[in-house]
Amino acid sequence: MNGSLFMKPTLKNKSLLKLVFFFLVLSFSSCKNSQTSGLKNGDLLFVKAKETGLSGAINNVTQKQKDASFDHIGILEKQGKSLFVLHAAPKGGSQRQKFNEFLKDQADDGQKVIVYRLKPEFQKSVPNAIAKANLMLGKPYNFNYILDENSYYCSDYIERSFREDHIFTLEPMTFKDPKTGKTNEFWEEFYAKKNLKIPEGEPGCNPNGLAASEKIERIKEL
């Protein structure tokens, strides 16, 4: 067997390995910093919708802008150097999740995150919204998308967080395909399985509706 395979690393090789490791750490740190740089407490994190399943069905009946197609939203909370996302999700309900874990969940699901921010004149609403969002933690997810006080869906959770300052508004919900004017087949089956009447026209909100608010502005993609 070739003894050269078992030769101890030379000083030169050790230095090279240290240099490679240094650049790998530097690269990772730079990538991480580029994601978090410029983020502010209260930033809104919108998750881009998929084209199929529940995500696609939500977007199909709610999309208002060509460049905005979202199916989830959370609010960023900064505590010193630590970042968290307050959001209501099917898995875990209303929760406070580490920022990097939130991003990983979306990346693993093939979805991108877009940062929006309240315009300067509305930034004063952020502290109260963060406090309210924390008070609502621990509630289960609202799988019926019909407003109640015991469970929340994602945009409902955010709207309630800012409700005291009237940042967002509830609007009549629709489950109709804008291209056909007929109720989307996904939602017909969705509510039929639950033995519930489709809440057409009932008050509610959705990520695309919140993204269309004139009180917020798009900042960047993470």
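**Group meeting: the sheet and its helices**

Good morning. The protein I am presenting has a secondary structure of seven helices and eight strands. Please bear in mind that this is a predicted model.

I shall begin with some overall values. The protein has 222 residues, and 40% of them count as buried. Among contacts with a separation of 6 or more, 70% are between residues 24 or more positions apart.

Six strands form an open sheet in the order 4-3-2-1-5-8, and the pairing is antiparallel. Which strands stand at the edges? They are strand 4, residues 93–98, and strand 8, residues 216–221; each has a single partner strand, so one side of each is left without a neighbour in the sheet. On average, neighbouring strands are turned by 30° against each other, direction ignored.

Strand 3, residues 82–89, runs antiparallel to strand 4 and is joined to it by six bridges. Histidine 87, for example, has glutamine 95 in strand 4 as its bridge partner.

Two helices that pack on this sheet deserve mention. Helix 3, residues 99–108, touches strand 1 (44–48), strand 2 (70–79), strand 3, strand 4 and strand 5 (113–118). The direction of helix 3 makes about 110° with that of strand 4. Helix 4, residues 126–135, also packs on the sheet, where it touches strand 2, strand 3 and strand 4. For helix 4, the angle with the direction of strand 2 is about 105°.

Thank you for your attention.

Conventions:
Residues numbered from 1 in each chain as written. Predicted model: local features only at pLDDT ≥ 70, side-chain atom pairs only at ≥ 80, totals over all residues. Heavy atoms only, no water. Pairing = 2+ DSSP bridges. Helix = DSSP H or I, 4+ residues; strand = E, 2+ residues; numbered from the N terminus. Axes fitted to C-alpha atoms, helices over the stretch in contact; angles between N-to-C directions. Contact = heavy atoms within 4.5 Å. Buried < 20%, exposed > 50% of the residue type's maximum accessible area, 1.4 Å probe, protein only.
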